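My notebook is open, and I have a few things to look up. Here is the structure I am working from.

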Amino acid sequence: MSIDLQALQSIQPTSYINRLNKTENSSTDNQFSNQLKQALEQLNNAQLETEMKTEMLVNGQIDQLHDVMIAAQKSSLSMSLAVEVQSKVIDAYNEMMRMQV
């Protein structure tokens, strides 16, 4: 994981940020919401793939148990990651709410 130092050095004072128009803020909100939606769709697709492969294995349509187990582990890992990210976001929000201005 690398940090883009150029982006950090270009941070402007809050007075500049306050002067930004609402379209820039809404586009940032849209980018974040689109990325969040995309991540949740990928998680859902992994869960659906696991369900489909498990059902196919039970019905005898596929014989590769290892493929089913790999798909199940991928979806399990994705779900665990999503839960951890959710927990970290909630912790960060709570920490910001405790800050005194």
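**Entry 1: salt bridges.** I started with K53, which forms a salt bridge with E49, the closest N and O atoms being 3.4 Å apart. The rule I used asks for a side-chain nitrogen of Lys or Arg within 4 Å of a carboxyl oxygen of Asp or Glu. K53 and E49 are 4 residues apart in helix α3, so about one helical turn separates them. Next I looked up R98, whose side chain meets that of E95 in a salt bridge at 2.8 Å, N to O. R98 and E95 are 3 residues apart in helix α4, so they too are separated by about one helical turn. By this rule the count comes to 2 salt bridges.

A note on the source, before I go on. This is a predicted model, in which local features need pLDDT of at least 70 and side-chain atom pairs count only at pLDDT 80 or more, while totals for chains, interfaces and linings use all residues. Residues are numbered from 1 along each chain as its sequence is written, and side-chain values use heavy atoms, with hydrogens and water left out.

**Entry 2: how open are the partners?** I sorted residues by relative accessible area: buried is under 20%, exposed is over 50%, and partly exposed is in between, with a 1.4 Å probe and protein chains only. K53 comes out at 22% relative accessibility, so I noted it as partly exposed. E49 has a relative accessible area of 37%, so it is partly exposed. R98 is at 58% and therefore counts as exposed, whereas E95, at 42%, counts as partly exposed.

**Entry 3: the fold.** I counted 4 helices and 0 strands in the protein chain. From the N terminus on, the elements run α-α-α-α. Helices here are DSSP runs of H or I with at least four residues, strands are runs of E with at least two, and both are numbered from the N terminus. Of the 101 residues, 7% count as buried. The chain exposes about 9200 Å², and carbon and sulfur atoms supply 57% of it; the areas come from the Shrake-Rupley method with a 1.4 Å probe, and for residues only the protein chains shown count as cover.

Entry 4: Is S75 buried or exposed? At 4% relative accessibility, S75 counts as buried, and I found it in helix α4. Leaving aside neighbours within four places in sequence, S75 is in contact (heavy atoms within 4.5 Å) with L43, A46, Q47 and T50. I also checked S75 against Q42: they are 33 residues apart in sequence and 9.6 Å apart in space, C-alpha to C-alpha. T50 sits in helix α3 and is buried, with a relative accessible area of 11%. Not counting residues up to four places away in sequence, T50 touches A71, A72 and S75.

**Entry 5: the largest pocket.** About 440 Å³ of space lies in the largest pocket. The elements giving two or more residues to its lining are α3 (22-59) and α4. Which element gives the most to the lining? I got α3, with 8 residues. The lining has 14 residues, of which L36, A39, L40, A82 and V85 lie nearest the centre. For my own reference, a pocket is an open set of points on a 1 Å grid over the protein atoms alone where a 1.4 Å probe fits, with protein on both sides within 12 Å along at least five of seven lines, and lining residues have an atom within 4 Å of a point. Grid points are joined across faces, edges and corners, and the volume is the space filled by probe spheres set on the points.
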